[in-house]
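Dear colleague,

Please find below the structure that I am handing over to you. My findings follow it.

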Amino acid sequence: DYCVRGKIDMANKNKCLRDPVFYRYNDTPHHMVGDTYKVYPTYDFACPIVDSIEGVTHTVRTSEFNDRNDMYFWILDKINLRKPSIFDISRLNFVNTCLSKRKLQKLVDTGVVSGWDDPRFPTVRGILRRGLQPFTLKQFMLE
């Protein structure tokens with residue numbers, strides 16, 4: 001396996017900044033483009049660039065990406081791109097409730113539910129359509 005690393009600082013306290021992988025080589029044909037490309041950017045390298053170029057102003061990410069914020073801004077600094085604001089949030093879990101987008105997508109695709117705003121769905125749109133007021137939802141999440 002081959003990769004391209006960013007030479008940052010192996011002594012940095014933030015382990016995400018210790019020569020992170022920016023590109024990976026993969027000889028397996030891609031499901032859409034076949035064997036046209038062999039090198040692919042990593043999520044950590046591509047996201048800050050795409051966010052900046054596409055005009056994203058606020059990035060909302062779950063708190064497990066908190067350590068990667070420094071690398072996000074390091075990449076943007078090095079290539080002189082605009083920096084979106086990052087908001088770290090905690091994951092909200094419900095007991096006995098499926099929150100997996102992949103599993104919920106199957107229900108939408110097969111017509112089991114009318115869409116992402118179906119009142120039976122544990123999505124914000126579904127909960128609001130069920131009659132919950134936005135203020136109440138916000139209060140619940142802040143508690």
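The notes below describe selected residues and a surface patch.

Please bear in mind that this is a predicted model.

I begin with two residues whose backbone angles deserve a look. Aspartate 19 has a phi near 50°, a positive value in a residue other than glycine. Its place is the loop between strand 1 (3–5) and strand 2 (21–25). Aspartate 19 has a relative accessible area of 10% and therefore counts as buried, the limit being under 20%.

Asparagine 96 also is not a glycine, and its phi is positive at about 55°. This residue belongs to the loop between strand 5 (85–89) and helix 3. Asparagine 96 is exposed, because its relative accessibility of 81% is over the 50% that the term requires.

Helix 3 covers residues 101–109 and includes lysine 101. Lysine 101 is exposed, with 61% relative accessible area. Between the C-alpha atoms of lysine 101 and threonine 123 the separation is 9.7 Å, while the two residues stand 22 residues apart along the chain.

On the surface, a nonpolar patch is formed by Leu92, Phe94, Phe140 and Met141. Together they have about 360 Å² of accessible area. One of these residues, methionine 141, is part of helix 5, which spans residues 134–142. Methionine 141 has a relative accessible area of 49%, so it is classed as partly exposed rather than exposed, a term kept for values over 50%.

Yours sincerely

Notes: Residues are numbered from 1 along each chain as its sequence is written. This is a predicted model: local features need pLDDT of at least 70, side-chain atom pairs count only at pLDDT 80 or more; totals for chains, interfaces and linings use all residues. Side-chain values use heavy atoms; hydrogens and water are left out. Helices (H or I, at least four residues) and strands (E, at least two) are DSSP runs, numbered from the N terminus. Buried means under 20% relative accessible area, exposed over 50%, partly exposed in between (1.4 Å probe, protein chains only). Patches are made of residues with over 30% relative accessible area and no salt bridge: like charges are joined within 9 Å, nonpolar side chains (Val, Leu, Ile, Met, Phe, Trp, Tyr) within 5 Å. Accessible areas come from the Shrake-Rupley method with a 1.4 Å probe; for residues, only the protein chains shown count as cover. A salt bridge is a side-chain nitrogen of Lys or Arg within 4 Å of a carboxyl oxygen of Asp or Glu.
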